[in-house]
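Hi everyone, thanks for making time.

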Amino acid sequence: MEVINNSNALKISIDVPSGMDPLTGKINDIAVKPEYTITFHKVKTGVKKS
């Protein structure tokens, strides 16, 4: 995931950024830091707009 985060490419997560708990937003080790997150059904409580 560090390679993804360090990339200059546009990063988009689908549903929840990889590495993030969708209910709490907790990151155990490392997670993708996307510019955009596309969610389905409803916003996950752990995913917040920063």
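Let me begin with how the elements are named: helices (H or I, at least four residues) and strands (E, at least two) are DSSP runs, numbered from the N terminus. What you see is a predicted model, where local features need pLDDT of at least 70, side-chain atom pairs count only at pLDDT 80 or more, and totals for chains, interfaces and linings use all residues. Residues are numbered from 1 along each chain as its sequence is written, and side-chain values use heavy atoms, with hydrogens and water left out.

So, what is the order of the elements from the N terminus on? They run α-β-β, and the chain comes to one helix and two strands.

Now the overall form. The radius of gyration, taken over C-alpha atoms, is compared with a globule rule of 2.2 Å times the number of residues to the power 0.38. For 50 residues a compact globule would come out near 10 Å, and the chain has 11 Å, which agrees. The C-alpha trace spans about 30 × 20 × 15 Å along its principal axes.

Let's start at helix α1, residues 2–6, where you'll find Asn5. Is Asn5 buried or exposed? Here the cut-offs are under 20% relative accessible area for buried, over 50% for exposed, and partly exposed in between, with a 1.4 Å probe and protein chains only. Asn5 has 18% relative accessibility, so it counts as buried. Taking a contact as heavy atoms within 4.5 Å, and not counting residues up to four places away in sequence, Asn5 touches Lys11, Ile30, Ala31, Val32 and Lys33. Across the chain, buried residues make up 22% of the 50 residues.

A search of the whole structure finds one. Lys11 pairs with Glu35, and their closest N and O atoms are 3.6 Å apart. Glu35 sits in the loop between β1 and β2 and Lys11 in the loop between α1 and β1, so the pair ties together parts 24 residues apart in sequence. Lys11 is buried at 10% relative accessible area, while Glu35 is partly exposed at 43%.

Next, please find Ile12 in strand β1. Ile12 is partly exposed, at 44%. Which residues does Ile12 contact, leaving aside neighbours within four places in sequence? They are Pro34, Tyr36 and Ile38. The C-alpha atoms of Ile12 and Pro34 are separated by 5.2 Å, although the two residues are 22 apart along the chain.

Ile12 also belongs to a nonpolar surface patch with Leu10, Ile14, Tyr36, Ile38 and Phe40, and together they have about 640 Å² of accessible area. The elements giving two or more residues to this patch are β1 (12–14) and β2 (36–38). Patches are made of residues with over 30% relative accessible area and no salt bridge, with like charges joined within 9 Å and nonpolar side chains (Val, Leu, Ile, Met, Phe, Trp, Tyr) within 5 Å. The areas come from the Shrake-Rupley method with a 1.4 Å probe, and for residues only the protein chains shown count as cover.

One last stop is Asp15, in the loop between β1 and β2. Its phi is near 75°, a positive value in a residue other than glycine. Asp15 counts as partly exposed, at 27% relative accessibility.

Definitions and conventions: Salt bridge = Lys/Arg side-chain N within 4 Å of Asp/Glu carboxyl O.
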